[in-house]
Amino acid sequence: MSLSDFQHNFDLFFEQMSKSGISSAEQGGYWRAQPRTDMELVISDYAVEQRRKISMQSSSAMVELNCLFQGSREVTTPGVRHEVTAGSCSLEFMTPAKSRLEFDGSSRFQMLSIAMPVATFQWLMTSLNNKRTIDFGQIVGNNSFRAFQFSYDLVTARVASRLLEMVRSGKGRNLETECLMLQLLMEVCRPCLFDELQRQVELSAADCSKLRQAKQIMERHMVDPPTLIELARMIGMNDYKLKAGFKELFGTTVFGYLREYRLEQAMLLLQNGGSNVNETACAVGYSNPSYFAEAFREKFGVNPGALVRRSLSK
């Protein structure tokens with residue numbers, strides 16, 4: 001497999017974007033830059049008028065860093081569902097697999113992406129004495145996809161914005177662009193990998209109590225849930241410990257739990273009768289009934305409409 005094979009993943013992505021009907025925002029579109037042969041920088045700027053889904057089959061394993069300025073995006077692969085929201089960075093590790101990308105509707109989508117093949121990531125993670133400090137295989141394990149996400153700070157935002165301006169204007173030099181790409185990767189890898197993978201989260205009784213409180217808050221506000229940053233402030237815990245501690249205590253992410261809780265509440269509503277599919281979707285926090293029906297069917301193996309008809313026939 002050549003180093004350029006990972007770029008084919010982007011070729012497939014933009015081909016599917018074009019077929020899906022997602023249009024360029026005013027003075028928008030996408031820009032691709034390659035300051036070095038084993039890294040690609042992509043700026044995406046689209047107007048998403050309604051929720052869109054793109055299915056694709058990646059052709060090679062790669063590592064991708066995404067900094068999302070506007071909009072939101074979900075990635076679904078076998079056994080994994082990952083959401084990227086505005087104001088956050090996501091460091092993603094993927095093997096060749098089928099995936100589905102979903103874009104939130106009625107909003108502008110603007111994202112900066114840096115991609116590289118596994119060999120480049122392994123080299124960057126190698127110390128000066130030729131010892132590999134972090135390994136791609138250990139990160140993904142037996143999964144097809146793994147992601148780390150955090151809200152970017154002022155330094156990260158400044159570097160990402162500078163890259164966005166340079167690529168869109170076409171005035172940046174390869175050397176400057178490459179240096180900024182590596183700086184951005186370093187700013188993201190520090191909290192995502194060097195900290196999170198190399199230390200265990202120690203949870204005190206007080207921490208566990210705060211995390212249970214966070215779970216209850218998400219349940220009470222499932223229709224309009226707080227962001228991770230807002231939730232962390234509400235319980236008096238930093239967002240890193242909230243994310244890592246929640247997963248350690250409950251075995252899933254905050255929003256992964258919220259998704260399951262919403263669907264379970266929807267099942268109860270439909271089984272009790274008295275609500276149609278649209279009413280149930282709104283009651284548990286889904287603004288798009290079609291998206292709700294698909295998520296419900298994926299979890300329970302039955303269409304929500306079938307449960308409504310069943311309750312009416314009793």
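Author: Contact here means heavy atoms within 4.5 Å, and by that rule Phe93 touches Met62, Val63, Phe121, Phe136, Ile139, Val140, Ser144, Phe145, Arg146, Phe148 and Leu193, not counting residues up to four places away in sequence. This is a predicted model, in which local features need pLDDT of at least 70 and side-chain atom pairs count only at pLDDT 80 or more, whereas totals for chains, interfaces and linings use all residues. Residues are numbered from 1 along each chain as its sequence is written, and side-chain values use heavy atoms, with hydrogens and water left out.

Reader: What makes a set of residues a nonpolar core, and which residues have the most contacts inside the largest one?

Author: The set must consist of buried Ala, Val, Leu, Ile, Met, Phe, Trp, Tyr and Cys residues joined through side-chain atoms within 4.5 Å, where buried means under 20% relative accessible area, exposed over 50% and partly exposed in between (1.4 Å probe, protein chains only). The largest such core has 37 residues, and those with the most contacts inside it are Phe93, Leu112, Phe121 and Leu193. Helix 5 (residues 174-195) gives the largest share of this core, eight residues. Apart from it lies another core, of 30 residues, among them Leu211, Leu231, Phe246 and Met267.

Reader: Why does Ser99 count as buried?

Author: Its relative accessibility is 16%, and Ser99 therefore counts as buried, since the limit is under 20%. Ser99 belongs to strand 8, helices (H or I, at least four residues) and strands (E, at least two) being DSSP runs numbered from the N terminus.

Reader: How do you know that the span of helix 4 agrees with its number of residues?

Author: The expected span is 1.5 Å times one less than the number of residues; the 16 residues of helix 4 (residues 154-169) should therefore span 22 Å, and its end C-alpha atoms are 22 Å apart, which agrees. Just after helix 4, Gly170 takes a positive phi of about 75°.
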